[in-house]
Amino acid sequence: MSQDPRDQQRLGGAVPPGITFRRPTEADYPTIIRVVDDWWGGRNLSKLLPRLWLQHFTGTSWLAEDSEGRLAGFLIGFLSPDHPDTAYAHMVATNPNLRRRGLGATLYDHFIADARAAGRSQVRAITWPGNRASLAFHRSIGFELEGLPGSQNLYGTPAQPGYDFDREDRAVMRRRI
Ligand SMILES: CC(C)(COP(=O)(O)OP(=O)(O)OC[C@H]1O[C@@H](n2cnc3c(N)ncnc32)[C@H](O)[C@@H]1OP(=O)(O)O)[C@@H](O)C(=O)NCCC(=O)NCCS
């Protein structure tokens, strides 16, 4: 069991009533991909989630749904094949109508439990430095920004300019688990 006080605080804490968690399957792909751009506030991010993520990474990912089976949130992640101490969270999102109720943090709880069980000692994730909600969320659940060489202050946050595709800036985050 986690010794982290942030996790302890959430144990028994509320996620919205009726929410359940399970592994996604490939059959969930159309449902997930349909909401991605909308849930990210209209940014065109569905390109970051081709179907392969729901074919090869479901065993380390989580999906939340409401009592009527509607998508409430998801976290797509994996255990790094190259770095045996690391789990990597690729994308996490919750339904905009269910935000600030502990759902995102609970998706991470599930993912981190998997990572610990697999002997991983840290989780890494990246985010666009202009995504204030994502930065605040990750900070609140214990992530720290990594000030890597080449970091610049972008949108008020240490971040890597042109980190992806030579044009997309990213803040790199890490949490010890
Ligand atoms: C980021 C995101 C996943 C958070 O999901 P959530 O279900 O609202 O998260 P939680 O309710 O578990 O939030 C836990 C804590 O994070 C912080 N937090 C979350 N959203 C925040 C926001 N918009 N502004 C400030 N702090 C925020 C708060 O401290 C919050 O605790 P509190 O509500 O008791 O104050 C959600 O806003 C989202 O889906 N955003 C769009 C997708 C995205 O940007 N994903 C992250 C990059 S991959």
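Start by selecting the shell around the ligand in this predicted model: by class, the shell holds nine nonpolar, seven polar and three charged residues. The shell has 19 residues, and those that come nearest to the ligand are Val 92, Arg 100, Gly 102, Ala 105 and Asn 131.

Next, colour the chain by domain. Domain 1 (1–120) and domain 2 (126–177) each give at least three residues to the shell around the ligand.

Now show the pocket surfaces. The ligand sits in the largest pocket.

Then turn to single atoms. Select Val 92, where a polar backbone atom is 2.7 Å from a nitrogen atom of the ligand. Move to Thr 94, where a polar backbone atom is 2.9 Å from an oxygen atom of the ligand. Go on to Arg 99 and show the side chain: one of its polar atoms lies 3.2 Å from an oxygen atom of the ligand.

Finish with the surface of the ligand. Taken alone, the ligand exposes 900 Å², and the protein buries 76% of that area.

Technical notes: Residues are numbered from 1 along each chain as its sequence is written. This is a predicted model: local features need pLDDT of at least 70, side-chain atom pairs count only at pLDDT 80 or more; totals for chains, interfaces and linings use all residues. Side-chain values use heavy atoms; hydrogens and water are left out. A residue is near a molecule or strand if one of its heavy atoms lies within 4 Å of it. A polar contact is a pair of N or O atoms within 3.5 Å; within protein, one must be able to donate a hydrogen and the other to accept it, and residues adjacent in sequence count only if both atoms are side-chain atoms. Accessible areas come from the Shrake-Rupley method with a 1.4 Å probe; for residues, only the protein chains shown count as cover. On a 1 Å grid over the protein atoms alone, a cavity is a set of points where a 1.4 Å probe fits but cannot get out, and a pocket is an open set with protein on both sides within 12 Å along at least five of seven lines; lining residues have an atom within 4 Å of a point. A molecule sits in a cavity or pocket if more than half of its atoms lie within 2 Å of its grid points. Ala, Val, Leu, Ile, Met, Phe, Trp, Tyr, Cys and Pro count as nonpolar, Asp, Glu, Lys and Arg as charged, and the others, Gly among them, as polar. Domain bounds come from an automatic or database domain assignment.
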